[in-house]
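This briefing is for a reader new to the structure. Please look over the sequence and the model before reading on.

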Amino acid sequence: MKRKRKSGKSWVRTILCFALALVWLLPFYWMVRSSLMGMSQIFEYPPVIFPNPIQWENFPEALTRLPFLTYFKNTVIIVVLCVAGILVSCSLSAYGLSRVQWKGRDKVFYLLMTSIMLPYFATIIPSFVMWTKLGLTNTFVPLTLPSWFGVGTVSVFGGGMFNIFLLRQFFRTIPKELDEAARIDGAGHFTIFTKIILPLSKPALICVGLFTFLNTWNDFINPLIYLSDQEKYTIQIGLRTFIGVFSSQWHLLMAAAVCAIIPVLIVFLVGQKYFVEGIATTGLKG
């Protein structure tokens, strides 16, 4: 009887997970479906489930009508700089807040965590005024430099402060006996950090890198605010140009969106194992 109950519960979980997966995949399917249709077929009622005929020419037309390769290059530059900056700054901050003993450490950590509750959009105007006075608007500096000081892009997770919290929690799960053994051999904080902590924190670092990659790649508001030259636009700003005041080219927009989401899918599928492991292990120790 117990085996039958467990089997029944597993089937219920499987069906629920499958149903939720269908719900989450429906927008993605609708985007791919619309990218293979013409404008008239997209808005037919009742809705057309499968495109007929399939219009593959939407993809080359969408990628050549705008300098999509330039947008892609700009986005890759920003993403690489942001990911590198977040990994360096947040890992150093998390190490100082978890492995180094100094007066007021926990109070500083709690103060940093309170900044997560501050809405990002409350700081947009003062940030824009600051970068304008420094003469750095219409450059990649406002989009990349904050990452090297532990401040990430806008996200539902609180940006850089959440990354510091994530890495700090993971660092605290590493036995401190390893630090003590390294100090006996004459190692300092830099050696302990680079030779012990970072190699053992690969899942958490990959998790933070994935978060930063996704947030930066999909960031729309920051490039919209700071970039004005079309040659410096990112992919998200480029997608917005398909929507006009009087008419919108939805079939080309969907085709370009499919191309823009492919790198995200590849990165997530490659790092999915470490992503789940990093999230699961960061809450083991408070």
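Predicted model: local features only at pLDDT ≥ 70, side-chain atom pairs only at ≥ 80, totals over all residues.

How many salt bridges does the count come to? The count comes to four salt bridges.

**A salt bridge within one helix**

- Arg-65 and Glu-61 form a salt bridge, in which the closest N and O atoms are 2.5 Å apart.
- Both residues belong to helix α3, which covers residues 58-65. They are four residues apart there, so about one helical turn separates Arg-65 from Glu-61.
- Arg-65 counts as partly exposed, at 42% relative accessibility. Glu-61 is partly exposed as well, and its relative accessible area is 29%.

- Asp-106 counts as partly exposed at 34% relative accessibility, whereas Arg-105 counts as buried at 9%.
- A salt bridge also joins Arg-168 to Asp-106, with the closest N and O atoms 4.0 Å apart. This pair links distant parts of the chain, 62 residues apart: Arg-168 is in helix α8 (residues 160-171) and Asp-106 is in helix α5 (residues 105-114).
- Arg-168 is buried, with a relative accessible area of 5%.
- Through shared partners, the salt bridges join Arg-105, Asp-106 and Arg-168 into one network.

- Ser-98 is found in helix α4. With a relative accessible area of 1%, Ser-98 is buried.
- A polar atom of the Ser-98 side chain lies 2.6 Å from the backbone oxygen of Ala-94.

**Nonpolar cores**

- The largest nonpolar core is made of 26 residues. Those with the most contacts inside this core are Tyr-95, Leu-166, Leu-167, Phe-171, Ile-192 and Ile-197.
- At least two residues of this core come from each of α4 (68-98), α5, α8, α10 (189-200) and α11 (202-217).
- The element that gives the most to this core is α8, with seven residues.
- Another core lies apart from the largest one and has 25 residues. Phe-68, Ile-235, Leu-252 and Ala-256 are among them.

**The second largest pocket**

- The second largest pocket holds about 270 Å³ of space.
- Which residues line the second largest pocket? Its lining consists of Trp-24, Leu-25, Phe-28, Ile-261, Leu-265, Phe-268 and Leu-269.
- Two or more residues of this lining are given by each of α1 (2-35) and α14 (250-270). With four residues, α14 gives the most to the lining of the second largest pocket.
- By class, the lining of the second largest pocket has seven nonpolar residues, with no polar and no charged residues.

Conventions
Residues numbered from 1 in each chain as written. Heavy atoms only, no water. 1 Å grid on protein atoms, 1.4 Å probe; cavity = no way out; pocket = protein on both sides within 12 Å on 5 of 7 lines; lining within 4 Å. Points joined across faces, edges and corners; volume = space filled by probe spheres on them. Nonpolar A, V, L, I, M, F, W, Y, C, P; charged D, E, K, R; others polar. Salt bridge = Lys/Arg side-chain N within 4 Å of Asp/Glu carboxyl O. Buried < 20%, exposed > 50% of the residue type's maximum accessible area, 1.4 Å probe, protein only. Core = buried A, V, L, I, M, F, W, Y, C linked by side-chain atoms within 4.5 Å. Polar contact = N/O pair within 3.5 Å; in protein donor to acceptor, adjacent residues only side chain to side chain.
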